[in-house]
Amino acid sequence: MKNIHQVKHPLIEHKLGILRDKETKPFQFRMLIDEISTFLLFEATKDLNLKDKEISTPMAKTTAKELDEKIMICPILRAALGMLESVFKLIPNASIGFLGFQRDEKTFKAQFYFQKLPKDAKERLAIIIDPMFATGSTAIEACDFLKEQGIKKIKFISILGTLEGFKNFNRFHSDVDVFIASIDKGLDENAYIIPGLGDAGDRVFNTLE
Ligand code: URA
């Protein structure tokens, strides 16, 4: 699957080990999500377009570069809010387009309940963020929705995924590049990633029972 890019780095692997550990406290969990997201974004944005810009340093005139791309970051509520700050910090001129999906606890299918895109969304590169790429259902629905809105370029950043999820996803959206830190063994009977890290939203927001 040419569009699925596993970002391999010793620091990512080290941080994933702490992130997965059930003893890791929410404040540290949030910090690790933040750090890993930065690595993934770095890879995902390697091919952004640049244009020349004439500037003066205190010493001389020179030609510098600036991004020649309008970007919309699309966090999938709610777990992706844990990734948003780091991604927004690196691309401060981006717009944010929120997407809300809720998991149907019987079918495990994603149910769409909210969206708030910028008016000029069509002109932007969409970078969807969601820490867990489990069945691929949410990712498929999110890309369907963005494409229906006329968005031409989409990338997806996620932390843990499964082969099963990517195979499902690629039946519909093999044109979307996905950047992922780990491809885990699979899913349990409740469509949770194994070994995974549990419920990402609950761990970010400290709502575990
Ligand atoms: N969502 C989660 O938060 N965790 C999983 O393992 C799967 C989906």
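## Around the ligand

An oxygen atom of the ligand sits 2.8 Å from a polar backbone atom of I193. This structure is a predicted model, so let us walk through it with that in mind. The ligand also has a nitrogen atom that is 2.8 Å from a polar backbone atom of G198.

Which residues surround the ligand? They are M132, A134, A191, Y192, I193, G198, D199 and A200.

Helix 2 covers residues 26-44, which makes 19 residues. At 1.5 Å a residue, a helix of this kind should span 27 Å, and the end C-alpha atoms of helix 2 are 26 Å apart, so the two values agree.

Which residues of helix 2 are buried? They are F29, L32, I33, I36, S37, L40, L41 and A44. These buried residues pack against several other elements, including helix 1 (10-20), helix 3 (81-90) and strand 8 (125-129). Strand 10 (153-162), strand 11 (177-184) and helix 6 (200-205) are also among their packing partners.

In soluble globular proteins, nonpolar side chains tend to be buried together. Here, the largest nonpolar core holds 36 residues, and L19 and I159 have the most contacts inside it. At least two residues of this core come from each of helix 1, helix 2, strand 4 (71-77), helix 3, strand 8, strand 10, strand 11 and helix 6. The biggest share comes from helix 2, which gives seven residues.

Take a look at L19: beyond its neighbours within four places in sequence, L19 is in contact with F29, L32, I33, I36, I159, L197 and R203. Elsewhere there is a second, separate core of 26 residues, and M72, I76, C143 and F169 are among its members.

Is strand 11 mostly covered or mostly uncovered? Strand 11 is mostly covered, with six of its eight residues buried.

Strand 11 runs parallel to strand 10, and seven bridges join the two. Strand 1 (residues 4-6) is also parallel to strand 11, and three bridges join this pair. V178 in strand 11 shows both pairings: I4 stands opposite V178, and V178 is the bridge partner of F156.

Strand 6 (residues 98-103) and strand 7 (residues 110-116) run antiparallel and are joined by six bridges. R103 stands opposite A110 in strand 7. Six residues lie between the strands of this hairpin, where F108 takes a positive phi near 65 degrees.

L117 belongs to the loop between strand 7 and strand 8. Is L117 buried or exposed? L117 has a relative accessible area of 17%, and because buried means under 20%, L117 counts as buried. Leaving aside neighbours within four places in sequence, its contacts are M72, G97, F98, L99, F145, L146, Q149 and I151. Q149 is 32 residues away from L117 along the chain, yet their C-alpha atoms are separated by 9.6 Å.

## A buried histidine

H173 lies in helix 5 (residues 163-173). With a relative accessible area of 3%, H173 is buried. What does the side chain of H173 reach? The side chain of H173 reaches the backbone oxygen of I140, at 3.2 Å. Not counting residues up to four places away in sequence, H173 touches N3, I140, C143, D144 and K147.

How values were computed. Residues numbered from 1 in each chain as written. Predicted model: local features only at pLDDT ≥ 70, side-chain atom pairs only at ≥ 80, totals over all residues. Heavy atoms only, no water. Helix = DSSP H or I, 4+ residues; strand = E, 2+ residues; numbered from the N terminus. Expected span 1.5 Å × (residues − 1). Buried < 20%, exposed > 50% of the residue type's maximum accessible area, 1.4 Å probe, protein only. Contact = heavy atoms within 4.5 Å. Core = buried A, V, L, I, M, F, W, Y, C linked by side-chain atoms within 4.5 Å. Polar contact = N/O pair within 3.5 Å; in protein donor to acceptor, adjacent residues only side chain to side chain. Pairing = 2+ DSSP bridges. Near = heavy atom within 4 Å.
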